Amino acid sequence: MAEDRARPGELDQTKYDADDSVKIICLGDSAVGKSKLMERFLMDGFRPQQLSTYALTLYKHMATVDGKTVLVDFWDTAGQERFQSMHASYYHKAHACIMVFDVQRKVTYKNLHTWYTELREFRPEIPCIVVANKIDADIKVTQKSFNFARKFSLPLYFVSAADGTNVVKLFNDAIRLAVSYKQNSQDFMDEVLQELENFDLEQKAAGDPAPDREQRGAVEGPAPS
Ligand SMILES: Nc1nc2c(ncn2[C@@H]2O[C@H](COP(=O)(O)OP(=O)(O)O)[C@@H](O)[C@H]2O)c(=O)[nH]1
Ligand SMILES: [Mg+2]
């Protein structure tokens, strides 16, 4: 692992297992405003880290949730979304997802289905927020109903990366959801792996010397009359 860190451009995702570290991914078509949203939220002192090998940008952020410091990595696509699909490693160990469409381009709303399907293939249980971006261009859209979010019981946020409406709220809520997901719930796959681990331990325990209940049973058996 030490070698991994030493190599520039390498990504060590084991850090996301640590209690104080969460990974939040961003999905959606090209030009819906994913990068602008991140930049707007992290305006003060964000340090985007371009990892060209992986076609992604990492934005690092430190947050405080219930008095605890949390290191947040926001993952942003860097062009791969043009292919309407992301590499599996993009989803790996993610704790929450921000899924964006552009209120001015209907096709980006329609494509949420494709993004959501792919997300659920890799991360069946993580919290996902649907984001209607660019409301500054047409404030009336906030009166419209967008069934996609309702259909899948997902929260919907109307935001503008251009004027900042709801951006801080969106990201802070995403961080809270990621942290609470990490603390309280696990993906089905995680549960299965945990069960397998416990099963292994039980097997080992069964191989140990016979528990003393059985020995006592032999001693305390009913006396022959
Ligand atoms: N009017 C308006 N334009 C925006 C907003 N957010 C992003 N844009 C513009 O949309 C374009 C694509 O933004 P970008 O963040 O690169 O999209 P990405 O490909 O999803 O990362 C840029 O020209 C932005 O200036 C917004 O909230 N309002
Ligand atoms: Mg971008």
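This is a predicted model: local features need pLDDT of at least 70, side-chain atom pairs count only at pLDDT 80 or more; totals for chains, interfaces and linings use all residues.
The protein comprises 9 helices and 7 strands. Of its 225 residues, 29% count as buried. Among contacts between residues at least 6 apart in sequence, 70% join residues at least 24 apart.

The largest nonpolar core contains 46 residues, of which Ile24, Cys97, Met99, Val131 and Ala174 touch the most other members. Helix H7 gives the most to this core, contributing 8 residues. In soluble globular proteins, nonpolar side chains tend to be buried together. When residues up to four places away in sequence are not counted, Val131 touches Ile98, Met99, Val100, Tyr157, Val159 and Leu170. Leu170 also belongs to the buried residues of H7, together with Val167, Phe171, Ala174, Ile175, Leu177, Ala178, Val179 and Lys182. Helix H7 spans residues 167–184, and its 18 residues reach 26 Å from the first C-alpha to the last, close to the 26 Å expected at 1.5 Å a residue.

Helix H5, formed by residues 112–122, has Leu112, Trp115 and Leu119 as its buried residues. Viewed down the helix axis, the buried residues of H5 fall within an arc of 65° and therefore line one face of the helix. An α-helix has 3.6 residues a turn, so residues three or four places apart point the same way. On the other side of H5, His113, Thr117 and Glu121 are exposed. The elements covering the buried residues of H5 include strands S1 (21–27), S5 (96–102) and S6 (128–133), as well as helices H3 (88–91), H4 (106–110) and H6 (147–151).

Gly28 is located in the loop between S1 and H2. This glycine counts as buried because it has 25 C-beta neighbours inside 10 Å, the threshold for burial being 20 or more. Although Gly28 and Thr108 are 80 residues apart along the chain, their C-alpha atoms are separated by 7.3 Å.

Ligand 1 is surrounded by 14 residues, the closest being Gly33, Lys34, Ser35, Lys36 and Ala162. Helix H2 (residues 34–41) gives the most to this shell, with 3 residues. By residue class, the shell around ligand 1 divides into 5 nonpolar, 5 polar and 4 charged residues.

Terms used
Residues are numbered from 1 along each chain as its sequence is written. Chains are lettered from A and ligands numbered from 1 in the order in which they are written. Helices (H or I, at least four residues) and strands (E, at least two) are DSSP runs, numbered from the N terminus. The expected span of a helix is 1.5 Å times one less than its number of residues. A residue is buried if 20 or more other C-beta atoms lie within 10 Å of its own, exposed if 12 or fewer, and partly exposed in between; C-beta atoms are placed from the backbone. Two residues are in contact if their C-beta atoms, placed from the backbone, lie within 7 Å. A nonpolar core is a set of buried Ala, Val, Leu, Ile, Met, Phe, Trp, Tyr and Cys residues joined through C-beta atoms within 7 Å. A residue is near a molecule or strand if its C-beta atom, placed from the backbone, lies within 6 Å of it. Ala, Val, Leu, Ile, Met, Phe, Trp, Tyr, Cys and Pro count as nonpolar, Asp, Glu, Lys and Arg as charged, and the others, Gly among them, as polar. The arc is that of the directions from the helix axis to the C-beta atoms.
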